[in-house]
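Work through the exercises below with the sequence and the model open side by side. Each task is followed by a solution in steps.

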Amino acid sequence: MHSLEQQIHTQATTLGFTLCGFTRLSSLPREKFLTSWLAQGNAGEMHYLARHPEHRLNPTLRFPEATSVICLGYPYAPPRIPRINWQQELRGRIAAYAAGSDYHEVIKAKLLTFIAFLTEMIPGVWTRPYVDTGPVLEREWAYRSGLGWFGKNTMLLHKQAGSWFFLAEILVGLDLEGEGIPRAHCGTCTRCLADCPTNALEEGYVLKAPLCISYLTIEHQGPIARELRPKMGNWIFGCDVCQDVCPWNEKLGRSRKDHVREDLVREDLVDVLLPSLPELLMLDDAGFRARFRHSAILRPKRRGLLRNVAIALGNSGNPEAIAPLRSALSDPEPLVRGHAAWALGRFTERAARTALEHQLTHEKDMWVREEVLSAVETSPAV
Ligand code: B12
Ligand code: SF4
Ligand code: SF4
């Protein structure tokens, strides 16, 4: 007879989870860290992270029935991204996790199947599924369940899977024996810290979200600070730099194909991850919703995504970006017009400056006017 833990492992593999581990629930010794991380403003506008810290630190306060957690890792290693000249081709970059259907939906369905399996095996067992929802410190529980170690980039890393996996959990009313905390393997490496475009990781292990491109492009809703815009390059949704440069992800090498999401067609991924910027800037509301139906990219809404696209076009330095940016000055969303103005202000071509000067003759929104004025003032065009 297989142990309960073994049967759970087998079911995890059947459902496509490549990592599975367990730990008993208790109060996490991270209160000091979490409190000071929040107090220093590191959560930015993600106010939900400050809600009920006691539940985050100890899920049993909310769910006294829960005694253990099953932690699961679902793979999504991207294909190797071909080296393109994005400035010349005017292509944006989308983080690998966003390819295909929103992972919340894909994994939630798997967790429900998992729970049906548990209930059949142990009728009446108490369960609660989570994937990136609710006050659960997912990496922390996964760490304690042996799924990986905390990298200096704050990602959970595994020797075979790198960091290309999502986390999901099932809180359960069962006593499960785990394998304990794994060793850390970052050693003296500091690649992620050195290569982060905005220095969001500082000395490592702590992320300043308000500086992180992932936060800026997905979670932050308003204008992006001018000094950060040039550092965003062509990232228009999320950022994978601190994962791309990690030697543990490089080591995936030929075994990479074992770490790819089973529901995605690999060949299409490159086009999805490197979309045409001018094409995106032309999307109206209906076009945006149709293109990103069931995708995580819906989260920043059309105005947030097009804001990011305008910034990337401004960073391209390619005069072919001027025409689409000029059209974006007529966008119904002030957020898009303001960032398009900033982007035009970076070009030396006279056409860019003329478009800005013309905008000043009729622009009514005060914030956009300010962006246009600043773009004219700093414009290198004569
Ligand atoms: C908010 C959030 C974000 C924010 C903030 C990220 C952050 N680092 O906190 C933003 C929007 C920036 C973000 C970005 C990304 N995210 Co995110 N995010 C979350 C979310 C919802 C909450 C994270 C959280 O609570 N942060 C608060 C801080 C305090 O927690 P922490 O950084 O994990 O800190 C812990 C450690 O530092 C530890 N600690 C403190 N001191 C010490 C000392 C030692 C010795 C040790 C070992 C540990 C330790 O304690 C802290 C608390 O546990 C989780 C899902 C969830 N519910 O957990 C996903 C999650 C962390 N994100 C995920 C992903 C995939 C990403 C991106 C890669 C997406 C992308 N490509 O753009 C980037 C990666 C950026 C990065 N380097 O972290 C995955 C990570 C999977 C993995 N393998 O690690 C998660 C788990 C979602 C999921 N279900 O798969 N994310
Ligand atoms: S996701 Fe990008 S911006 Fe954020 S910490 Fe990693 S490298 Fe830096
Ligand atoms: S790049 Fe180096 S320091 Fe950063 S997470 Fe990977 S191994 Fe650790």
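**Exercise 1. Strand β7 and its partners**

Task: find which residue of β7 stands opposite T127, and state how strands β2 and β4 pair with β7.

Solution. 
Step 1. T127 faces V172 of β7. Strands here are DSSP runs of E with at least two residues, helices are runs of H or I with at least four residues, and both are numbered from the N terminus.
Step 2. The strand β4, residues 127-130, pairs with β7 through 4 bridges in the antiparallel sense. Two strands count as paired if DSSP finds at least two bridges between them.
Step 3. Strand β2 (residues 68-75) is also antiparallel to β7, and 8 bridges join the two. In this pairing P75 has F165 of β7 as its bridge partner.

The model is predicted; local features need pLDDT of at least 70 and side-chain atom pairs count only at pLDDT 80 or more, while totals for chains, interfaces and linings use all residues. Residues are numbered from 1 along each chain as its sequence is written, and chains are lettered from A and ligands numbered from 1 in the order in which they are written.

**Exercise 2. The shells around ligands 2 and 3**

Task: for each ligand, name the nearest residues and give the classes of the shell.

Solution. 
Step 1. Ligand 2 has 13 residues around it, and C196, C212, C239, V241 and C242 come nearest. A residue is near a molecule if its C-beta atom, placed from the backbone, lies within 6 Å of it.
Step 2. Helices α8 (213-219) and α9 (241-244) each give at least two residues to the shell around ligand 2.
Step 3. This shell holds 10 nonpolar, 3 polar and no charged residues. Ala, Val, Leu, Ile, Met, Phe, Trp, Tyr, Cys and Pro count as nonpolar, Asp, Glu, Lys and Arg as charged, and the others, Gly among them, as polar.
Step 4. Around ligand 3 there are also 13 residues, with G151, C186, C189, C192 and C246 nearest. Two or more residues of that shell come from each of α7 (191-195) and α10 (247-250).
Step 5. The classes around ligand 3 are 8 nonpolar, 3 polar and 2 charged.

**Exercise 3. Two residues compared**

Solution. 
Step 1. C212 sits in the loop between α7 and α8. It is buried, because 25 other C-beta atoms lie within 10 Å.
Step 2. Leaving out residues up to four places away in sequence, C212 touches T198, A200 and L207. Contact means that the C-beta atoms, placed from the backbone, lie within 7 Å.
Step 3. N199 is 13 residues from C212 along the chain, and their C-alpha atoms are 8.1 Å apart.
Step 4. M46 belongs to the loop between α2 (31-39) and α3 (53-57). With 14 other C-beta atoms within 10 Å, M46 is partly exposed.
Step 5. Beyond its neighbours within four places in sequence, M46 is in contact with A209 and E219.

**Exercise 4. Helix α16**

Task: how many residues of α16 are buried, and what covers them?

Solution. 
Step 1. In α16 (residues 334-344), 10 of the 11 residues are buried. Among them are R337, H339 and W342.
Step 2. The cover includes α14 (301-316), α15 (322-328), α17 (350-360) and α18 (366-378).

Key. Buried ≥ 20, exposed ≤ 12 C-beta atoms within 10 Å, placed from the backbone. Contact = placed C-beta atoms within 7 Å.
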